[in-house]
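I opened this model to take notes on its chains, their contact and a few backbone details. The entries follow in the order in which I looked things up.

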Amino acid sequence: MSIATWFKGVRLPRGAAFGPPTPLPPPQRIYLPLRQHRGAVCQAKVEPGQQVGMGQVLGSSDEFDSAAVLSPVSGTVEAIRNCADPAGQPVPTIVIANDGQDIWASPEGEVRPPLSDPAEVAKARPTRLLRRIREAGLVRAASQGLPLHVDLSPPMAPRSYLFMTGIPVVRPTDTLVIRALDHDPPVCPNQAALAGLNLTELDLGVTALKRISGAARVILALPAGAVSGELTALARLREWEIRTQSQTHFPYCLDNLLVLGITGREVPTPYGEPRDVGVVVEPLVTALEVGRVLISAKPNLERVFAVAGDVAKPQAFVARLGTPIAEAIKAAGGAVGEAGKIIVGGPMMGFAHFDAQTPITKETEGVFVQAAEHVRRYDDHPCIHCGRCVACCPVNLVPAELSKLCEFQRFEEAAEADLFHCIECGVCAYVCPARRPMVHYFRHGKSEVLARRMEQ
Amino acid sequence: MSSPLLTVSTSPHRLGRTTIRSMHLEFMLALAPALLTGFYYFGLPGLSVVLLATASALLTEIVTVRVTSLPNRVADLHAVLLGLLLGLILPAGVPWWIPVVGGVLTIVLGKMVFGGLGNYPMNPVLVAWVALSLSWPEHMNAYFAPVPLGSGGEFAVTETPLMALKNDIGSLEIYELWDLWVGNAPGAVGATGSLALIAGGLYLIIRRLIPWQIPVGALLGCVLMSLVAAYTDSRLLEMGMEGLAANLKVAWFHLATGGLMITAFFLAPEPVSSPVTPWGALLFGLGVGGMTVIVRTWGAWVDGAFYAVLLLNTLTPILDRIRPKVIGKVIGGAV
């Protein structure tokens, strides 16, 4: 981390430390959106009224960039209807009434034997491991995450915006970063996973990810002060590097900035991903899920996530996918104070949702509850040009100017001034003394520019 | 699916504690040492100038908001801050109506005609100061000699160190450098206490309310341009001052006197009219510091610090175009 970086970004208040995730009993009714990642929507493979068992395929797609939706409980399909997904967009959703029996569906096709020996995994064919991951319906545990099998594969074709020399190049993956950091405290699922760390699962998961991605180098990115002796021993045995970093220094735990800090490689924005520069970043939660899938030879039906903010007992849970957020909030002791916001994700980059019945999906990292008295209001005060946003912007933009251009509808000029390189971390809005809705302006500007370009 | 009525907005959902009002309060806190120094050396006349300017600016803001349809943002205390700053750069010996007129000019001519906070192109305080200086030069030069509180002396109009320097370069030897730094010298109410101003300015930099590049650039520009002025001045050689150490004495003199310190830490980094990009701010600061000494040495005016800021304010939009390299922007890449 350079000296300039140290002065950028903001230091967020440190939330309470999280213990290991608490299991949440399966709810009466679960909601499964047919798209739980960035990519193609699945086709429903069941009918309303049909009996389903655990692990049964409810939706799948022939597209590469989709992950199958599997039933996390046994019960009856009540309906298939459009519901809002965690990003607020309507997605066909399968509603299942849980019968509480947890009966596994008879496995379709061949039964996969469990893989629990790291040495065996390290030599296994990558396509074999990748098929298992795809069948288990794994998705990278991050907002707007890709299906894991897509995330681990090198880009299918070189992308036009990366032709710096005019020669299309696909950079092979050489580094795997396991991110045990949470970018948006106090919503810290990775911290909770680290607290109750199952070293066997971690070993197997990381070994498999390393084998599939082809990375020669594995780096564990841990929060400062969370390095345990056992983990260090395992890392030394497997020749993993350990890097520590402060979690409260926002937004330096975001993937692009983490890659820049650890490897010095600059991920191209706006459409680039770490794998474009030869790095695969996976959250710890995902690495553990991979390990669990290989050991148990069963699909992954649960997710570790955090509930923080104005609830009686902020904590991490492990719950079936499709559990409504309202159930998780109830299990965390209920919301404190008058209802304000329910935010899917963290307080800095999360999405304020209008519906407490929104399910926990494969993308969910956590829920942040905000009481009405803590909801902050934005103002339409003119920019006072103080320059605090410029001093803090982690990607060196001039947010003050961009916000003015977007405010006065000069969208093309904003695009010229690198609007599209904004990562929407919200640091500028956080430090703005005039309380301007900076991120809102940027999103509005981006959507306007894209809409106009589509018209042309 | 029923649920309680929830608020929906864009992220971030948590905001920092700094508001415009708190920012202005901190600016005023940072000005407190300079005000106390001014009160110590210029007594009640000095204090009354500051209070009159502040009250006038505040009242004018209240009246302007009532008369025009501009939104009422008196509570952000910007008018109080502007009036305070104006009072601090006025001489203690001015007639009572000078700060009153100055306060009106600051708010009306400097701020409100452009649409209020955030929209004016130049520092309103300096706009008012220039208007006063051009209109009533005889009053605006009524600088008092300092009379420390409790020493019981009479206030008398005298010439400032910069005026003395302009008339005779030999006056470099007259003043004790320490007196200039603590503020025990004739000058404007709040502009003489250089150490007090540095203390306040450092507070602002540490609290990240002003970019460090502007004060650092201004002080650096002042030192560099003073050295240029000193090395090219044959009169210094005649006085027997030769070499870097002797020439640096000229630089220390320029740093400690006149309006340079209050300019470097408070007037030049005034948020609205100064650049925001790192290199733009540094160049802005260097320009302010350099121009100050140029005017002092070769110009017609005694002190150039305030004019330098106004001149550089007009360059702010251009300086803001010097942007840092955007992280993630691939050279030659399409949007």
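This is a predicted model: local features need pLDDT of at least 70, side-chain atom pairs count only at pLDDT 80 or more; totals for chains, interfaces and linings use all residues.

**Entry 1: chain B overall**

I counted the secondary structure of chain B and got 15 helices and zero strands. I then looked up its radius of gyration, which is 22 Å, close to the 20 Å that the globule rule gives for 335 residues, so chain B is as compact as a globular protein of that length. The box filled by its C-alpha atoms, taken along the principal axes, is roughly 90 × 55 × 35 Å. Of the 335 residues of chain B, 51% count as buried. I also checked contacts between residues at least 6 apart in sequence, and in chain B 76% of them join residues at least 24 apart.

I picked helix H13 of chain B, residues 278-298. From its first C-alpha to its last, this 21-residue helix reaches 30 Å, close to the 30 Å expected at 1.5 Å a residue. H13(B) is mostly covered, with 16 of its 21 residues buried.

Next I went to Val80(B), which sits in helix H2 (residues 78-88) of chain B.

**Entry 2: the contact between the chains**

How many residues does each chain bring to the contact? I found 42 residues from chain B and 59 residues from chain A.

**Entry 3: chain A overall**

For chain A the count is 15 helices and 19 strands. The radius of gyration of chain A is 22 Å, close to the 23 Å of the globule rule for 456 residues, so this chain too is as compact as a globular protein of its length. The C-alpha trace of chain A spans about 65 × 50 × 50 Å along its principal axes. Of its 456 residues, 54% count as buried. Among contacts in chain A with a separation of 6 or more, 70% are between residues 24 or more positions apart.

**Entry 4: domains of chain A**

I noted the division of chain A: domain 1 (3-12 + 113-158 + 171-296), domain 2 (25-98), domain 3 (301-374) and domain 4 (388-455). The C-alpha centres of domain 1 and domain 3 of chain A are 24 Å apart. Between these two, 16 residues of domain 1 are in contact with 17 residues of domain 3. Helix H5 (residues 189-195) of chain A gives the most to the domain 1 side, with three residues. By class, that side has 12 nonpolar, three polar and one charged residues.

**Entry 5: a sheet in chain A**

I traced an open, antiparallel sheet of three strands in chain A, in the order E4-E6-E7. Strand E4 (43-44) and strand E7 (69-70) stand at the edges with a single partner strand each, so one side of each has no neighbour in the sheet. Strand E6 (residues 57-60) of chain A pairs with E7(A) over two bridges. Val57(A) is opposite Leu70(A) of E7(A).

**Entry 6: backbone details in chain A**

Most residues other than glycine have a negative phi, and most peptide bonds are trans. I listed some exceptions.

- The bond from Pro185(A) to Pro186(A) is cis, with omega near 10°; Pro186(A) is in the loop between strand E10 (175-179) and H5 of chain A.
- The bond from Phe250(A) to Pro251(A) is cis, with omega near -5°; Pro251(A) is in the loop between strand E13 (249-250) and helix H8 (255-263) of chain A.
- Ala297(A) has a positive phi, near 55°, and lies in the loop between helix H9 (284-296) and strand E15 (302-309) of chain A.
- Arg435(A) has a positive phi of about 60°, and lies in the loop between helix H14 (427-431) and H15 of chain A.

Conventions
Residues are numbered from 1 along each chain as its sequence is written. Chains are lettered from A and ligands numbered from 1 in the order in which they are written. Two residues are in contact if their C-beta atoms, placed from the backbone, lie within 7 Å. Two strands pair if DSSP finds at least two bridges between them. Helices (H or I, at least four residues) and strands (E, at least two) are DSSP runs, numbered from the N terminus. The radius of gyration is taken over C-alpha atoms; the globule rule is 2.2 Å times the number of residues to the power 0.38. A residue is buried if 20 or more other C-beta atoms lie within 10 Å of its own, exposed if 12 or fewer, and partly exposed in between; C-beta atoms are placed from the backbone. The expected span of a helix is 1.5 Å times one less than its number of residues. Domain bounds come from an automatic or database domain assignment. Ala, Val, Leu, Ile, Met, Phe, Trp, Tyr, Cys and Pro count as nonpolar, Asp, Glu, Lys and Arg as charged, and the others, Gly among them, as polar.
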